[in-house]
Amino acid sequence: EQTDFISFLHQVIDRFEMNASEKIELKRDLPNGKYEVWIDKDKMIQVLDNIISNAIKYSPEGGTIHFKASKQRNQLLVTVSDQGTGIPYDKVDKIFERFYRADKARSRKIGGTGLGLAITREFIEAHHGNIWAKSKEGKGTTILFTLPLVNKKRRGK
Ligand code: ATP
Ligand code: MG
């Protein structure tokens, strides 16, 4: 359904703030205006849950997770940055593959199937968006994704 993604994102972050530990800070750098997108809300909740749980899971206590959103031409760009363990540069592009888990020894302790981001990518692509990651080992990770904005001018054409 057509949804203002900014208020939708606020709701999802609110829920994490209520449940997540006080040791992680969720910082919002979100615009005030409306950014209308066409989404399956259940799938988009899963997308955000996966990205945010990773940011929490692979961050030390006391880290900050930073949310940003902006308009890039006719796309909405959403970024979620953490100050966690990061991912080696030669592995960043693999994290969206099924069952892929960077750093086997460390992630065995942390637990997970390696499916979260594969499903996330599948859902974003089903919404005609793109998803990718930037990361520096030891510094943190940023997950970026786009969604097509509803173009009001084109309606009825
Ligand atoms: P699950 O299926 O339970 O989500 P998972 O978290 O291991 O398991 P993905 O969410 O698909 O699987 O992530 C794949 C791998 O990418 C992770 O195992 C981890 O190595 C790396 N990764 C993902 N997000 C981050 C992040 N924010 N910081 C550091 N590494 C990350
Ligand atoms: Mg995960």
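Predicted model: local features only at pLDDT ≥ 70, side-chain atom pairs only at ≥ 80, totals over all residues.
## Ligand 1 and its surroundings

A polar contact is a pair of N or O atoms within 3.5 Å. In the side chain of K57, an N or O atom lies 3.1 Å from an oxygen atom of ligand 1. The side chain of T113 likewise has an N or O atom placed 2.6 Å from an oxygen atom of the ligand. At L117 the backbone takes part: one of its polar atoms is 2.8 Å from an oxygen atom of ligand 1. The ligand exposes 600 Å² when taken alone, and the protein buries 91% of that area.

There are 19 residues around ligand 1. Those that come nearest are N54, D82, R101, T113 and L117.

Five strands make up an open sheet, arranged in the order 2-4-5-7-6 with mixed pairing. Strand 2 (25-29) and strand 6 (131-136) are its edge strands, each of which pairs on one side only. On average, neighbouring strands of the sheet are turned by 15° against each other, direction ignored.

Several pairs can be followed in detail. Strand 4 and strand 5 are antiparallel and are joined by seven bridges; Q72 stands opposite Q75 of strand 5. Strand 5 also pairs with strand 7, again in the antiparallel sense, over eight bridges. Strand 7 (residues 140-148) is in turn joined to strand 6 by six bridges, and these two strands run antiparallel. Within this last pair, I131 has F145 of strand 7 as its bridge partner.

## Strand 5 and its cover

Is strand 5 enclosed or open? Six of its eight residues are buried, so strand 5 is largely enclosed by the rest of the structure. Helix 1 (residues 5-19) lies across strand 5 (75-82), and also across strand 2, strand 4 (64-72) and strand 7. The helix runs at about 170° to strand 2.

## T142 in strand 7

T142 belongs to strand 7, where it is the bridge partner of S81. The two residues are also linked through their side chains, which make a polar contact of 3.0 Å. When neighbours within four places in sequence are set aside, the contacts of T142 are T79, V80, S81, W132, A133 and K134.

## Helix 4

Helix 4 (116-126) includes the buried residues L117, A118, T120, F123 and I124. The buried residues of this helix pack against helix 2 (41-57), strand 6 and strand 7. In general, an α-helix has 3.6 residues a turn, so residues three or four places apart point the same way. L117, one of the buried residues of helix 4, is also among the residues that come nearest to ligand 1.

Most residues other than glycine have a negative phi. Which residues depart from this pattern? R73 has a positive phi of about 55° although it is not a glycine, and H128 has a positive phi near 65°.

R73 lies in the loop between strand 4 and strand 5. These strands form a hairpin with two residues between them. R73 has a relative accessible area of 79% and is therefore exposed, the cut-off for that term being over 50%. H128 follows helix 4 and is placed in the loop between that helix and strand 6. With a relative accessibility of 65%, H128 also counts as exposed.

## I95, a buried loop residue

I95 is located in the loop between strand 5 and helix 3 (104-110). Is I95 buried or exposed? Its relative accessible area is 9%. Because buried means under 20% relative accessible area, I95 counts as buried.

Which residues touch I95, leaving aside its neighbours within four places in sequence? They are I87, Y100, L117, A133 and I143. I95 and L76 are 19 residues apart in sequence, and their C-alpha atoms are 22 Å apart in space.

Methods. Residues numbered from 1 in each chain as written. Chains lettered and ligands numbered in written order. Heavy atoms only, no water. Pairing = 2+ DSSP bridges. Helix = DSSP H or I, 4+ residues; strand = E, 2+ residues; numbered from the N terminus. Axes fitted to C-alpha atoms, helices over the stretch in contact; angles between N-to-C directions. Contact = heavy atoms within 4.5 Å. Polar contact = N/O pair within 3.5 Å; in protein donor to acceptor, adjacent residues only side chain to side chain. Near = heavy atom within 4 Å. Areas by Shrake-Rupley, 256 points an atom, 1.4 Å probe, with all protein chains shown as cover. Buried < 20%, exposed > 50% of the residue type's maximum accessible area, 1.4 Å probe, protein only.
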